[in-house]
Amino acid sequence: MARVLGTSIKRREDPALITGRGKYTDDLKAEGMAHAAIVRSPYAHARIRGIDTSGAEALPGVLAVLTARDVAAAGIPGVVPVGWLLPDLKTPAHPMIAADTVRHVGDAVAVVVAEDRYLARDAADRVAVDYEPLDAVADVVAALEDGAPAVHEEAPGNVAFDWEIGEREPVDTAFASAAHTVELDLRNNRLIPHAIEPRAVLASFDSSTGEMTIHMTSQNPHVHRLLMTLASLGMPEHKVRIVAPEVGGGFGSKIHHYADEAIVGLCSMKLDRPVKWTATRTETNLTDAHGRDHSTRCALALDADGRITGLRVDTAAAMGAYLSTFAPAVPTYLYGTLMSGQYDIPAIHCHVTGVFTHTAPVDAYRGAGRPEATYVVERLMHLAGEATGLGPVEVRRRNFVSPDAFPYQTQVALAYDSGNYGPAMDRALEMIGYDDLRSQQASRRDNGGKQIGIGFSSYIEACGLAPSAVVGSLGAQAGQWESADVRVHPTASVTVYTGSSSHGQGHETTFSQIVADKLGIDPEAVEVIHGDTDLVQFGMGTYGSRSAAVGGSAIVKSVEKIIEKGKKIAAHLLEASAEDLEYEDGSFRVAGSPDRALALGDVALQAYLAHNYPDDLEPGLSATSFYDPANFTYPFGTHVCVVEVDTETGSIDLLRYAAVDDVGNVINPMIVDGQLHGGLAQGIGQALWENAVYDESGQLVSGSLMDYAVPKIHNLIPFELDRTTTPCPHNPLGVKGVGEAGAIASPAAVVNAVVDALAPYGISHIDMPLTPEKVWRAVNA
Amino acid sequence: MYPAQFDYRRAGSVDEALSLLQENEDAKLMAGGHSLIPMMKLRLAQPPVVIDIGRLDELKGISEANGSVRVGSLTTHADIAASDVLAAHCPVLAEAAGHIGDAQVRNRGTIGGNIAHADPGSDIPPVLVLLGASVHLQSPSGTRSVAAGDFFQDLLMTDVGEDEILTHVEAPALGAGTGAAYLKFEHPASGYAVVGAAAAVTVQGGRCTGAGLVVGGVSATPTTVDVSSLVGTDLSDDAIAAAASGLDAEDPIGDIFASGDYRVHVGKVYGKRALAAARDRA
Ligand SMILES: Cc1cc2nc3c(=O)[nH]c(=O)nc-3n(C[C@H](O)[C@H](O)[C@H](O)COP(=O)(O)OP(=O)(O)OC[C@H]3O[C@@H](n4cnc5c(N)ncnc54)[C@H](O)[C@@H]3O)c2cc1C
């Protein structure tokens, strides 16, 4: 049997998707289905003096108009909870429907249910809300100033938390005696996720059974069920089924539990009818949890040889108006812990203030904390290359954690299990033709005109979330293991029930490759089921580049259990001892006697017939595993970006982008490349185009795709990809994860390239996105 | 993204469309629908009646006669971009149409809808003004034509009357010795022009005998730059740069991507580059 692990078999998901036969939530119809439209605050901050619903209710076809009063009357918990607690975290309540105060544009104040969605929209426009507008603050720095409007009374100074990691004193000492120091004030721009499918929900409550089925855009149906029942609707968990049908991308935005989905659930309970809601693009922009939005002051100390002696980081991180599901973890445990990058840094201190603002909440978005950390470290490394005169390559090389230092304990909690950073850098330099590029750059500098720049980003990430006990000790209100139930059918075909919840990643393909490889069968003989709380055992879902490393490992565990059991059955049938059996290429064989063998199918059939069967064994051939990883995984790599800057207009053209990533063993190279392409597009998008802008009154100015620039194919260039392979030492597949790597590495590579191009102009920093006007103003400053 | 309720009528002829317009107050004509429908979905437009003129073949097509080209109002951007007639007689119009949106937009959007909508970031208006094109309109009381330079009145405002249909545009064919170019500085979000510079120069015996520059995107309507200083010169880079730097806009448009000042600056740079490209083609 040819190996199927490591081969680019085509995605089995695609035929349905590209022929339009995939069923997304909005495609679903239920008997008697009504439609909801949510009435949202046009103000960033206002008191609600009253709501008059009569105009909406008077429209024929309107079934109900609900407000906070109805949530209270329903006697349900009615809140949207936060799922990660930090010490002294302020956790002001986030009501499903705002009762007396709205705190961001888009905050839900009422919901209308009608016979069709057009009518629902018409009626929503007729809900008259009497607002008393209040002062608002949307900017993360302004929110910390004295006298800033308060988002929540419970959070004085708008501080949600004050968190630090590492030790301050050794860092101060390092700076005091440093030969070189570099420092930077930077903004990490706020992003809107823009999954191509907006959030949607179809909730179907049936009073005759007391059950509710909720089809929704979810990256983690079990987590959604838990939060939905426990904190919002107050229904028994076992009476709610959550199904994620096809989900058109999430990038984190569909991890979180939102008010809207709970509101629609309540509508269905009230009306005893299925109710559907699909966000408009405007609504997703106003209410999907945004990403990033940091203001950071950071500095690096180096000795005379260019070795880093200390790193200091101080960040204000926007939380938005309410704490979203995992929000507090993102700028802390997924950020501060990454500050050592690929480098051996003896002293690190990172201080983070979480800040409430009158904006959409901020939560995990592709990379979640790690792009922000990489941006800090890699921007500083660029400056360090200049300050020391070593240049970007040598300063990095000099500080890489050496390959024989693993496992490497950083100063910021994480212990890197493995790594080998030099070869990825070497390969990237070779691919890009580094020396040649530098001489081209020099001649451009001599001749004037368009300038070229070369930027590096040698990133590390921690993914494969995560050892449950570790995240529990850090405040997670959830475990981070993953589950898999693998069932071998009597005919030796296999169904896998995974707790991972694919929403575009291709798990059905890659997970079938894992099973096929381990069992020595055809991948076509393996079906993968996910995304349904009634079908699948509890699982944690898909995010944090965890599905292969954690979900895939759970599958391997189950397959191993099946092989062990199969050996006992085969031993019985072959009259051999189970210890003498080996499993290879789909057959159980007696070691040393090749003709004494049984195919998987023979054993599977007997497992279900149980006619000729070991006394002490239960029938059946299936196994469930809950795999809790021993550590995070640590993908890494070096990316190099080459840009051309038109100094006359400030426009930037991408010329080259080379990425050498080490994501451990690869299950399907095509899918890995695809993940990188998407991640790179998003990271380059952050660097050059994307920006969620609120004005001073808290209006989202970049609320539509006319103003918010998502990268388009013609803005990008072919990416040059290669890999090194350092397998993860602690999971059975040796895989690490690739979903976020592109988005983590690329912003720094792009900005470093532009700043490199503009070095002759004395420019050392421009905040993202590097719009032509900003670049032009910097050049002409 | 759910429009308010409206009635839909499909016109079988220009005359029928005109009478439907008369019968239905505040009705809107729909050509490709690519500007009208988004406005309706955002409820920025709530016409009680939409009159679909999209299938009126009499308003489609491109032809050339007596030194002028004629483009029917329902001709799509894709057809304009690919037109042999325009390639031979007025390539700059095809060049601009090729810069519009993406393939889907070009397959649906029409030149009539584009200029009747009159978005300041549209690619077609500056080219028509540059060419000295005329816009032809029909109403129950007859037909009339208006110079492109007078047609665009303000942001999203044109000279089309409530009872009128835009039937076609006519532009003089570019003669021998004339080169023209359209250069676009694209908005990364909308894809519209932040700045779109349309330039033409005529060269005879190594000397410039005529030059024009019109810049879109900077103001509510296309801005004509006086580049007459080029006439008589050999169109040196310096002369071109000096001429293009005459771009002036009283109240330039600005957004979060590009401020008014910056647009004017880019208008000058793109004006210069468009003139240089036109020179190289003359
Ligand atoms: C995604 C996207 C990207 C785009 N990018 C660009 C771009 O880069 N550059 C650019 O220039 N444009 C761009 N456009 C606009 C595109 O060119 C439109 O097609 C055009 O503006 C309108 O043409 P239409 O035929 O779709 O008109 P419609 O939307 O049908 O009509 C627009 C307006 O014109 C009126 N109208 C239409 N036809 C007539 C007529 N014959 N007589 C009188 N009134 C009429 C309508 O009543 C309506 O008010 C883009 C559009 C989209 C959707």
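Student: Which residue follows H8(B), and what is its phi?
Tutor: The model is predicted: local features need pLDDT of at least 70, side-chain atom pairs count only at pLDDT 80 or more, and totals for chains, interfaces and linings use all residues. Residues are numbered from 1 along each chain as its sequence is written, while chains are lettered from A and ligands numbered from 1 in the order in which they are written. The residue after H8(B) is B:Gly132. Its phi is positive, near 70°.

Student: How many residues of helix H8 of chain B are buried?
Tutor: Helices here are DSSP runs (H or I, at least four residues), as strands are (E, at least two), all numbered from the N terminus. A residue is buried if 20 or more other C-beta atoms, placed from the backbone, lie within 10 Å of its own, exposed if 12 or fewer, and partly exposed in between. B:Ile124, B:Pro125 and B:Leu131 are among the buried residues of H8(B). The helix spans residues 124-131 and is mostly covered, with a buried count of eight of eight.

Student: Which helix gives the most to the side of domain 1 of chain B that touches domain 2 of chain B?
Tutor: Chain B divides into domain 1 (7-52), domain 2 (60-172) and domain 3 (178-281), with bounds from an automatic or database domain assignment. Domain 1 of chain B puts 11 residues into the contact and domain 2 of chain B puts in 14; two residues are in contact if their C-beta atoms, placed from the backbone, lie within 7 Å. Five residues of the domain 1 side come from one helix, residues 14-23 of chain B. That helix is H1.

Student: How far apart are the C-alpha centres of domain 1 and domain 2 of chain B?
Tutor: Both centres are taken over C-alpha atoms. Their separation is 19 Å.

Student: How many nonpolar residues does chain B bring to its contact with chain A?
Tutor: Chain B gives 15 residues to this contact and chain A gives 21. Ala, Val, Leu, Ile, Met, Phe, Trp, Tyr, Cys and Pro count as nonpolar, Asp, Glu, Lys and Arg as charged, and the others, Gly among them, as polar. The chain B side has three polar residues and one charged. Its nonpolar count is 11.

Student: How are H6(A) and H7(A) oriented to each other?
Tutor: H6(A) (221-233) packs on H7(A) (259-271) with axes 11 Å apart and an angle of about 70°. Axes are lines fitted to C-alpha atoms, for helices over the stretch in contact, and angles run from 0 to 180 degrees between N-to-C directions. Under 35 degrees counts as roughly parallel, over 145 as roughly antiparallel, 65 to 115 as roughly perpendicular and the rest as oblique. The two helices are therefore roughly perpendicular.

Student: Which residues of H6(A) make the contact with H7(A)?
Tutor: On the H7(A) side, the contact uses A:Glu261, A:Ala262, A:Gly265 and A:Leu266. The H6(A) side supplies A:Met228, A:Ser232 and A:Leu233.

Student: In which hand does H9(A) cross H18(A), left or right?
Tutor: H9(A) (370-388) and H18(A) (741-757) pack at about 30°, with axes 8 Å apart. That makes H9(A) roughly parallel to H18(A). A crossing is left-handed if the near helix is turned anticlockwise from the far one by less than a right angle, and right-handed if clockwise. This one is right-handed.

Student: Where does A:Pro407 lie?
Tutor: A cis peptide bond joins A:Phe406 and A:Pro407, with omega about -5°. A:Pro407 is in the chain A loop between helix H10 (391-399) and strand S16 (408-409).

Student: What is omega for the cis peptide bond between A:Leu465 and A:Ala466?
Tutor: A:Ala466 sits in the chain A loop between strand S18 (451-460) and helix H13 (468-473). Its cis bond to A:Leu465 has an omega of about -15°.

Student: Is A:Asp88 buried or exposed?
Tutor: Phi of A:Asp88 is positive, near 60°, in a residue other than glycine. The residue lies in the chain A loop between helix H3 (68-73) and strand S4 (101-102). With 10 other C-beta atoms within 10 Å, A:Asp88 is exposed.

Student: And A:Asn158, buried or exposed?
Tutor: A:Asn158 also has a positive phi, near 65°. Its place is the chain A loop between strands S6 (128-133) and S7 (159-166). With 26 C-beta neighbours inside 10 Å, A:Asn158 counts as buried.
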